[in-house]
Amino acid sequence: MSTATASFAARTVCRIGYGALQLERLHDRRGEAVALLRRAVELGVDHVDTAEFYGFGFANAVIREALRPGDDVLVVTKVGADPNPGGRLPLRLAQRPEQLRASVEDNLRSLGVDRLAVVNLRRLDTGPGLRPQGDQVVDLDDQLAVMTALRDEGKIGAIGLSSVTLDGLRRALPVGVVCVQNAYSLVSRGDEDMLQLCAAEGIAWVPFFPLGGAFPGLPKATSEPAVQAVADSLGVTPTQVGLAWLLHHAPNVLLIPGTASAAHLEANMAVSGIALDAAALATLDGIESRSNEVPIG
């Protein structure tokens with residue numbers, strides 16, 4: 001298997017995919033959104049990450065319109081939250097087993113398929129963002145039971161985990177986990193042990209917030225002088241260096257950068273061609289890892 005590809009859900013895919021969250025920025029320009037996704041496929045994207053709560057179903061609708069059976073694109077979706085139009089946040093937690101099942105049905109309908117290839121169970125145990133409260137505090141085993149039942153019923157093909165702890169991943173391994181999506185970047189490498197466990201188990205590591213800095217006060221890879229220096233020496237952007245480091249760091253890392261810009265899409269796809277030599281990697285590896293938890297107060 002070449003360094004440009006990796007194993008994901010018993011398939012071989014390009015290590016750079018596309019995250020569909022940013023499609024909602026084109027909500028009033030649906031034709032542009034469809035064209036952008038078609039361009040991604042032309043550039044080699046063969047796995048797309050989505051959710052029903054991305055743009056209140058808009059991302060899924062664009063994927064349904066843009067992708068064709070012959071494209072053979074692996075569409076990965078997630079459950080654990082639902083759209084919340086008009087709410088303070090654009091999503092609300094949906095962690096209970098019956099809610100997970102309903103979310104799978106919602107994704108099946110909006111994507112226009114009878115089986116979801118991969119579904120990530122979005123826990124909220126770690127990383128920046130919400131934490132469950134009240135009846136949304138659900139035991140992982142209860143969630144895995146319904147996910148396994150949905151797989152047995154043929155509604156989902158494979159199970160992934162998101163925002164999970166190392167202990168949670170270990171508990172889930174007997175179920176069969178094909179990917180983990182956690183917040184992870186050059187400047188926030190707290191999940192290193194989990195990444196290595198995934199590598200040993202043949203599980204794809206698909207980091208979100210791959211450049212850090214998703215919320216105010218969090219470290220950003222692109223702000224690091226060392227990242228900027230390496231970028232200058234290679235004639236590329238700091239963003240590209242931050243993404244390239246992830247590809248070099250471990251062979252099971254897959255990227256799903258999102259964008260609403262065709263130019264940024266092409267820059268992201270070009271990352272697979274960026275070579276970081278031993279000196280550059282040593283410089284980048286020397287950057288301090290900091291917490292990606294949102295500061296309180």
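These notebook entries record what I looked up in the structure above.

**Entry on the model.** I noted that this is a predicted model, in which local features need pLDDT of at least 70 and side-chain atom pairs count only at pLDDT 80 or more, while totals for chains, interfaces and linings use all residues. Residues are numbered from 1 along each chain as its sequence is written, and side-chain values use heavy atoms, with hydrogens and water left out.

**Entry on the fold.** I looked up the secondary structure and found 10 helices and 11 strands in the protein chain. Helices (H or I, at least four residues) and strands (E, at least two) are DSSP runs, numbered from the N terminus. The radius of gyration is 18 Å, close to the 19 Å of the globule rule for 297 residues, so the chain is as compact as a globular protein of that length. That radius is taken over C-alpha atoms, and the rule is 2.2 Å times the number of residues to the power 0.38. Along the principal axes, the C-alpha atoms fill a box of roughly 50 × 40 × 40 Å.

**Entry on burial and the cores.** I found that 52% of the 297 residues count as buried. Buried means under 20% relative accessible area, exposed over 50%, and partly exposed in between (1.4 Å probe, protein chains only). The largest nonpolar core has 80 residues, and those touching the most other members are Tyr-18, Leu-23, Leu-37, Leu-169, Val-180 and Leu-284. A second, separate core of 13 residues includes Val-76 and Cys-179. Such a core is a set of buried Ala, Val, Leu, Ile, Met, Phe, Trp, Tyr and Cys residues joined through side-chain atoms within 4.5 Å. In soluble globular proteins, nonpolar side chains tend to be buried together.

**Entry on Val-75.** I located Val-75 in strand E5 (residues 74–79). Val-75 counts as buried, at 18% relative accessibility. Leaving out residues up to four places away in sequence, Val-75 is in contact with residues including Val-48, Ile-63 and Leu-111; contact means heavy atoms within 4.5 Å.

**Entry on Asp-191.** I found Asp-191 in the loop between strand E10 (177–181) and helix H6 (192–201). Is Asp-191 buried or exposed? Asp-191 is buried, with a relative accessible area of 16%. Not counting residues up to four places away in sequence, Asp-191 touches Asn-182, Ala-183, Tyr-184 and Trp-205.
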